[in-house]
Amino acid sequence: MDNHTDSELLVMFRNPETKHYAFNLLVRKYQERLYWQVRKIVISHDDADDVIQNTFLKVWGGLENFREDSQLFTWLYRIATNEALTFLKKKRTKLLLPIVDVEQQLARTLEGDPFIDGDSTALKLQKALLKLPEKQRLVFNMKYFEEMKYEEISEILGTSVGALKASFHHAVKKIEKFLEED
Amino acid sequence: MEEKFNKKLPFKVPEGYFDNLPLRVQERIAATETQHEPKSRWVTLKSQLAFAAGFAFMALLSYLGYYMARPLMADKKAVKTDYVEIVSRTIYEFDDIDLYKAIEQKKKTDSLKEVYNEIPHRLYVRSSNCITIIDEKKEIKP
């Protein structure tokens, strides 16, 4: 079922008779990768669930106009990342919280969310990640966990490769420092 | 760092989450599409008719308002014209002799008033002059 290429899915999506079926296949194909990207940003499962559903709603609305200038996955990834960042921004505005407090709240979620695995080393790394500036955290997640190329990350985040390399380097240094101090 | 930490994330999802997600997404899409469903012809026509009726009602109101206020405006205009006419007529009917008499009468009254006002002043001036004369005489005497 997931063997369809992106081009095939897009052709099926543009046909009104197979539109819903094609979209269902698309969701099945990309849901996990997009979910984990979002989850790493918002931490809580419930929030990630909201964000991922909104992401697919946006994809549904915009896929008709997708011009295939970029890869479909890059486009989806960009939407998901933007949705997750917007979600955090809204949370900040809604609760009138400064950035630091939101990160603290996310750190508390790491301890209290029922869908957090108890692996202490992985938890430690996530806690250290939450102390990074948002952009550095994003870059680190994409490079370290997703093993994405800088060129791909650059296309998703709209940042130059040089700046991304610098961000990743700073992120690694800071995390090492946090972990040494801990 | 990779030696120290494996790349496993400390997150998990409820059981069967990814099996159900496509269905839930489809349900959300269906719900959104129902909200934004294109309006039927009758609904469109109905809203257009309502708009037209509203417009006609407003036009009727302004028409009625204009015709009800017109007599009042006409009265105001007539009064203005009459006033101008009355003034001009009065001016033409006014006699020069009457005007002359009125001016003379006014002059008389004014001059009398002036005289009455002047009396104490003149008396004072006169008395002071007398004093002066007496003084002058005194000066001459020695």
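Author: A:Ser154 touches A:Thr159, A:Ser160, A:Val161 and A:Leu164, leaving aside residues up to four places away in sequence; contact here means heavy atoms within 4.5 Å. A:Ser154 itself sits in helix α8 of chain A, residues 150–157. Helices are DSSP runs of H or I with at least four residues, strands are runs of E with at least two, and both are numbered from the N terminus. A:Ser154 counts as buried because its relative accessibility is 18%, and buried means under 20% relative accessible area, with over 50% called exposed and partly exposed in between (1.4 Å probe, protein chains only).

Please keep in mind that this is a predicted model, where local features need pLDDT of at least 70 and side-chain atom pairs count only at pLDDT 80 or more, while totals for chains, interfaces and linings use all residues. Residues are numbered from 1 along each chain as its sequence is written, chains are lettered from A and ligands numbered from 1 in the order in which they are written, and side-chain values use heavy atoms, without hydrogens and water.

Now let us step back to the partner chain. Chain B has 3 helices and 0 strands, and 8% of its 142 residues count as buried.

How do the two chains meet? On one side are 39 residues of chain A, in contact with 24 residues of chain B. Together the chains bury about 3200 Å², 65% of it on carbon and sulfur atoms; buried area is the accessible area (1.4 Å probe) that two parts lose on being put together, summed over both. In chain A, the residues losing the most area to chain B are A:Gln53, A:Leu57 and A:Tyr144, together 18% of what that side buries.

There is 1 salt bridge between the chains, meaning a side-chain nitrogen of Lys or Arg within 4 Å of a carboxyl oxygen of Asp or Glu. A:Asp49 forms a salt bridge with B:Arg24, and their closest N and O atoms are 2.5 Å apart. Several helices of chain A, namely α2 (19–42), α3 (45–62), α6 (120–129), α7 (134–145) and α9 (161–181), each supply at least two residues of the side that touches chain B. The largest share of that side, 11 residues, comes from α2(A).
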